[in-house]
Amino acid sequence: MRHLKSTRTALCALGALLAGSVLSSAQAAGTLTIATVNNGDMIVMRQLSTEFEKAHPDIHLNWVTLEENVLRQRVTTDIAMKTGQFDVVTIGNYEVPIWAKQGWLTEIKPDDAYDMNDILPSVRESLTADGKLYALPFYAESVITYYRKDLFQKAGLTMPEQPTYDQIRQFADKITDKPNQVYGICLRGKPGWGENMAYISSLANTFGAQWFDMSWKPTLTSDAWKATLNWYVSALKADGPPGATSNGFNENLALFASGHCGIWIDSTVAGGLLFDPKQSQVADKVGFAPAPKGPYGKGPTWLWSWSLAVPVSSHQSADAQTFITWATSKDYVKLVAARKGWVAAPPGTRASTYAAPEYLKAAPFASFVLNAIKTADPNGPTAQPRPYTGAQFVAIPEFQSIGTQVGQTVAATLSDQMTVDQALTSAQASVTRALRQSGRAR
Amino acid sequence: MALKTKTSTRIGVTILGWGIALWLFFPIFWMILTSFKSEVQAISTPPKLFFMPTLSSYAEVFERANYWHFALNTVIVSVGATAIAIALAVPAAYSMAFMPSKRTRGTLLWMLSTRMLPPVGVLVPIYILARNTHLLDTCTGLAIVDMLTNLPIIVWMLYTFFREVPAPILEAGRMDGATRWQEMTLVLLPLALPGIASTALLSLILCWNEAFWSLNLTSSHAAPLTAFIASFSSPEGLFFGKLSAASTLAVAPILVFGWISQKQLVRGLTFGAVK
């Protein structure tokens, strides 16, 4: 009988505990739930957000930090099902126009004090759909070439002001020293639309290749695509690190920062990390150059921005807009500079940041980044007319799936499971099928 | 000669046992080691075995996130899901073990078959159900889903343990006038306690480590330690030291708990209910 009593008591206690958890989860009025990723700039924003709460005592901030892919999945589910769990979401310029067209995002109308004209035009345009602004940029990035000045000097090489991919390949051949684990070139090889395909799509543009023609027929078996993949595969096989198919942005960052890469072509955001002696063993040996050009030389150029948007499912849209306006304002940049130093200021969004002499002094890579972002044109012309926008991605909802699928096929060429021709033929077939299924192509 | 062979076999088995144990433990050892490295040391090639340890990763983890909030949620969800699952599974296993029908076998297999479906296959309906019942981002919602996920295994395990209890013992109880409830609680449960305890421990460990539903059904209020770990993975930046520190903090309680209760766990899993 005593057993029964204690069992009943335990069950009651458990019930009360679980019921309590339901009650406590009810969102309090004035609480904004912000979904974000674990990037350095986001962490700083979270730390400094106490200043926002002090200035707005009626608004409390509740942070949800998620892994990038989980964030996309969670936020997409939340918005599509109108759950309203998130009031502010961190999304990229790939999602903004697509989600805006779906009617998932609230239009943002900052006041004059926000100084919208201070936002770099390429970044501002990438967050606009049908003439309306749907997100405010927190930081932005383009593509840049990082190289080891000491290795170049040792090999008697000089990085030109505007390198070409042929030159990059020659340099990589010369500085590769595999016995000492120094690899001439590091590039993204991990399959994924935002990993290897971000770089390869960008590479394809400058080689004169493109994803689709005007009738949405994939053009992946074109000579330009073959040239693109042949360059990529042969460079990584000859001068790349072993197991390149496992290397995404972070892995290459780790390889370069620990002195194992001679050249690395990737996002401008790595500049701040490679220049930080706490995170990089080669901080005093890093050189910068613009992204190399291929045979076509033109084409859309890489632009990515992490931005803050307010989903229409938010029940506190006005407060959410107040917060995102604060977090992307000039005053916020100044606050970061005062608390964390100018080198920590969010890059790539505001002209005023690059006009500050303190920032230019603290971040020697700043002018390269500014130039890369200013000249970035994700809507630029490809060799043939195209029906889509985007540089390192195709701004259609299907791209997440087809990009990852083609990324896996490309990775198979690096691991010798397929030849370049086989991979492109297979990719052409799978992308054609996917677009037919989605109804975009006949 | 025979003694020599026996000794060498014993040594061989011991070495093999230790080898397998160390091989299995190595990832956890490396995770703990990395958690005491700086970010630069964590990515150094070749990897460093000897280094000056630092607590900087732990300091950052505690600064960035409220560990105790996540840990408390994990405890509530794991204990809650396990308690409900045991409460439901005991009568189910009891009826199937001692009052089997011609459909018992099929029912057991059907229950197990629900484990064969990838969880993502039912993500959308469960998400909609949770939303409509206001159980999104609540410990209750997550505990219910965890409980339902583990219920088939728990019923199976308890069914196996109960089958080892001789039916005449229960009959003797009935002869003495025990009701079904008394027969189950006063006769069966004490006999099968080691089995129930090891089943509960296994359920607790499975709930503690569950990540898919945690990441999809919770965001902040009810987020458990698996969500805490995931929040330290970064798309842009070095994070291996901090991720290792967060993972070590997340697995430490259940590791210690498992270590303390391993005797009970092994006894329950290997010997059955009645000796």
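Predicted model: local features only at pLDDT ≥ 70, side-chain atom pairs only at ≥ 80, totals over all residues.

Biologist: Start with strand S9 of chain A, then. How many of its residues are buried?

Modeller: Seven of the seven residues in S9(A), which spans 261-267, are buried.

Biologist: Which sheet is S9(A) in?

Modeller: An open sheet of four strands, ordered S8-S9-S7-S10 in chain A, with mixed pairing. S8 and S10 of chain A are the edge strands, and each pairs on one side only. Neighbouring strands in this sheet are turned by 20° against each other on average, ignoring direction.

Biologist: What does S9(A) pair with, and in which sense?

Modeller: Strand S7(A), residues 143-148, pairs with S9(A) in the antiparallel sense over five bridges. Strand S8(A), residues 183-186, runs parallel to S9(A) and is joined to it by three bridges.

Biologist: Where does A:Arg148 pair?

Modeller: A:Arg148 stands opposite A:Val286 in S10(A). S7(A) and S10(A) run antiparallel and are joined by five bridges.

Biologist: Which helix lies across S7, S8 and S9 of chain A?

Modeller: Helix H10(A), residues 249-257. H10(A) runs at about 145° to S9(A).

Biologist: New topic. What is the strand order in the five-strand sheet?

Modeller: S2-S1-S3-S11-S6, all in chain A. The sheet is open and its pairing is mixed.

Biologist: Why do S2(A) and S6(A) each have one side without a neighbour in the sheet?

Modeller: S2(A), 60-65, and S6(A), 136-141, stand at the edges with a single partner strand each, so one side of each has no neighbour in the sheet. On average, neighbouring strands here are turned by 20° against each other, direction ignored.

Biologist: How is S6(A) joined to S11(A)?

Modeller: By five bridges, and the two strands run antiparallel. S11(A) covers residues 304-309. One pair to look at is A:Leu136, which stands opposite A:Leu308 in S11(A).

Biologist: What about A:Gly297? Where is that?

Modeller: A:Gly297 sits in the loop between S10(A), 286-290, and S11(A).

Biologist: Why does it count as exposed?

Modeller: A:Gly297 has 11 other C-beta atoms within 10 Å, and the cut-off for exposed is 12 or fewer.

Biologist: Now helices. How do H2(A) and H13(A) cross?

Modeller: At roughly 100°, with their axes coming within 11 Å. H2(A) is residues 40-55 and H13(A) is residues 330-340. They are therefore roughly perpendicular to each other.

Biologist: Which residues make that contact?

Modeller: From H2(A), A:Val44, A:Leu48 and A:Glu51; from H13(A), A:Leu335, A:Val336, A:Arg339 and A:Lys340. By class, that contact has four nonpolar, no polar and three charged residues.

Biologist: How many residues does each chain put into the contact between A and B?

Modeller: Chain B gives 35 residues and chain A gives 38. In chain B, the elements giving two or more residues to that side are helices H2 (39-42), H4, H6 (123-132), H7 (139-163) and H11 (212-217). That side of chain B has 16 nonpolar, 14 polar and five charged residues.

Biologist: Last one. What are the confidence scores?

Modeller: The model scores ipTM 0.73 and pTM 0.80. Chain B has a mean pLDDT of 88, with 95% of its residues at 70 or more. Within chain B, confidence is highest in H4(B), residues 67-98, at a mean of 95, and lowest in H14(B), residues 262-271, at 69.

Notes. Residues numbered from 1 in each chain as written. Chains lettered and ligands numbered in written order. Pairing = 2+ DSSP bridges. Axes fitted to C-alpha atoms, helices over the stretch in contact; angles between N-to-C directions. Buried ≥ 20, exposed ≤ 12 C-beta atoms within 10 Å, placed from the backbone. pLDDT = per-residue confidence, 0-100. Contact = placed C-beta atoms within 7 Å. Nonpolar A, V, L, I, M, F, W, Y, C, P; charged D, E, K, R; others polar. Parallel < 35°, antiparallel > 145°, perpendicular 65-115°, else oblique.
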